[in-house]
Amino acid sequence: TPGDSIHVQLTWDDPGNDQDLHLVKVDGAPESHFCHDDYDCFFSNCKASTYSEPVVWFAQDAAGAGANPLLDIDDTNGIGPENINIDEPEAGTYRVYVHYFSDYGSLSGADPTTNTLRIYLNGLLVAEFTRVLPNKYDVWAVADIVWGENGVGSVTSYPSDSAGQPGAIQSISDNSI
């Protein structure tokens, strides 16, 4: 049982590719907040990284502590899990995305991959979503976590783009987001 107030976990079914977990602070973010260094916690800015400094959403806490998110591992050639945690979230809205980053083992350039995303709030599993990402560079907007001033959160599925499927997938032609 996760001890963090917000714990988001991503697993997938293909050990030959790289799926990436993203957690975006929606409040105050520009419209193009996915992969934004100041608003998105993902592999390049959410732990000790050679890419950039860890994201700090709230100056009163150190990177990866208190109200700031922490990605535990960037699993580039496995089936996860990748986890993002927030120990003591500030009130606000946080959006969860999954990005089909690369497929290292595929001869065709991409293999459809089943992703499972679990969201735990205050140690309890409150939501689980599963969806196939068919193509490399697909981005799946999964859900919003709304955290209240009272320390209680709720999860809402992102509006669906396909009947019976959670969230929405945006296909991008390359990895330049």
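This is a predicted model: local features need pLDDT of at least 70, side-chain atom pairs count only at pLDDT 80 or more; totals for chains, interfaces and linings use all residues.
Local features need pLDDT of at least 70 and side-chain atom pairs count only at pLDDT 80 or more, while totals for chains, interfaces and linings use all residues. Residues are numbered from 1 along each chain as its sequence is written, and side-chain values use heavy atoms, leaving out hydrogens and water.

**Exercise 1.** Find the residues of the largest nonpolar core that touch the most other members.

*Solution.* Start with the term: a nonpolar core is a set of buried Ala, Val, Leu, Ile, Met, Phe, Trp, Tyr and Cys residues joined through side-chain atoms within 4.5 Å, where buried means under 20% relative accessible area (1.4 Å probe, protein chains only). Among the 40 residues of this core, the answer is Tyr94, Leu117 and Ile119. Next, ask which strand (a DSSP run of E, at least two residues) contributes most: β9 does, with seven residues.

**Exercise 2.** List some contacts of isoleucine 119.

*Solution.* Take contact as heavy atoms within 4.5 Å. Leaving out residues up to four places away in sequence, Ile119 touches, among others, His7, Val96, Phe129 and Val155.

**Exercise 3.** Is tyrosine 158 buried, partly exposed or exposed?

*Solution.* First locate Tyr158: the loop between β10 (153–157) and β11 holds this residue. Then compare its relative accessible area of 26% with the classes; Tyr158 is partly exposed, a class between the 20% limit for buried and exposed at over 50%. Finally, look at its surroundings: Tyr158 touches residues including Arg95, Ala143 and Gly167. Alanine 143 lies 15 residues away in sequence, yet 4.5 Å away in space, C-alpha to C-alpha.

Conventions. Helices (H or I, at least four residues) and strands (E, at least two) are DSSP runs, numbered from the N terminus.
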